[in-house]
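The sequence and structure come first.

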Amino acid sequence: MFARLAEDTPTSNIQSAAQGYRELKGTIAGLFPEHLISPLTHNECLWYRYKVEVYMGGRRDSWQVVDEGESDQVFLIRDETGRCIVDPTGANITTRLEHRW
């Protein structure tokens, strides 16, 4: 269902974005001089989400979540028309970079 909602959500320029669900594309930047540190990679970043799972073998082969988290520090997104502060709390964020190991 979410995939369909995302497909139907119009991509907006920041300058002309109306209220409601909108897709914004641009470059992100921090609002604070210090960057966040990702808990798993220990890299500086502006936003992160992570999930740690353990494989539970036996009769019920499955994965169990043992830890997960997401940053909640606001950041800036810029495009050719302007800039916007993003509060990631409750937002659906899609990134190009993802690490799995």
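## An exposed salt bridge

Arg-100 counts as exposed, at 73% relative accessibility. The model is a predicted one, and the values below are computed from it. The side chain of Arg-100 meets that of Glu-98 in a salt bridge, with 2.5 Å from N to O. Glu-98 is exposed as well, its relative accessible area being 55%. Both values pass the cut-off, because exposed means over 50% relative accessible area.

## A salt bridge between strands

Side chains of opposite charge can pair when their charged atoms come close. By the rule used here, the count comes to two salt bridges. Besides the pair of Arg-100 and Glu-98, Arg-49 forms a salt bridge with Glu-70, and the closest N and O atoms are 3.4 Å apart. Arg-49 belongs to strand E6 and Glu-70 to strand E7, which spans residues 62–70, so this pair ties together parts that are 21 residues apart in sequence.

How accessible are the two partners, Arg-49 and Glu-70? Arg-49 is partly exposed, with a relative accessible area of 45%. Glu-70 is also partly exposed, at 37% relative accessibility.

## The largest pocket

The largest pocket holds about 2,300 Å³ of space. It is lined by 48 residues, of which Trp-47, Arg-49, Ile-93, Thr-94 and Thr-95 are the closest to its centre.

Several elements give two or more residues to the lining: helix H1 (2–8) and the strands E2 (23–24), E3 (27–30), E5 (44–45), E6 (49–56), E8 (75–79) and E9 (82–86). Which element gives the largest share of the lining? That share, five residues, comes from E6. By residue class, the lining divides into 25 nonpolar, 12 polar and 11 charged residues.

Asp-79 has its place in strand E8. This residue is buried yet has no salt bridge, and the nearest side chain of opposite charge, that of Arg-78, is 9.3 Å away. What the side chain of Asp-79 does have is a polar contact of 2.7 Å with the side chain of Thr-81.

## Other charged residues

Arg-96 lies in the segment after E9 and counts as exposed, at 90% relative accessibility. Its C-alpha atom is separated by 19 Å from that of Asp-72, a residue 24 positions apart from Arg-96 along the chain.

Glu-23 lies in strand E2 and is partly exposed, at 31% relative accessibility. Between Glu-23 and Asp-61 there are 38 Å in space, C-alpha to C-alpha, and the two are 38 residues apart in sequence.

## A positive phi angle

Where does His-42 lie? His-42 is in the loop between strand E4 (36–37) and E5. Its phi is near 60 degrees, a positive value in a residue other than glycine. At 58% relative accessibility, His-42 counts as exposed.

Technical notes. Residues numbered from 1 in each chain as written. Predicted model: local features only at pLDDT ≥ 70, side-chain atom pairs only at ≥ 80, totals over all residues. Heavy atoms only, no water. 1 Å grid on protein atoms, 1.4 Å probe; cavity = no way out; pocket = protein on both sides within 12 Å on 5 of 7 lines; lining within 4 Å. Points joined across faces, edges and corners; volume = space filled by probe spheres on them. Helix = DSSP H or I, 4+ residues; strand = E, 2+ residues; numbered from the N terminus. Nonpolar A, V, L, I, M, F, W, Y, C, P; charged D, E, K, R; others polar. Buried < 20%, exposed > 50% of the residue type's maximum accessible area, 1.4 Å probe, protein only. Lys, Arg positive; Asp, Glu negative; His and termini not counted. Salt bridge = Lys/Arg side-chain N within 4 Å of Asp/Glu carboxyl O. Polar contact = N/O pair within 3.5 Å; in protein donor to acceptor, adjacent residues only side chain to side chain.
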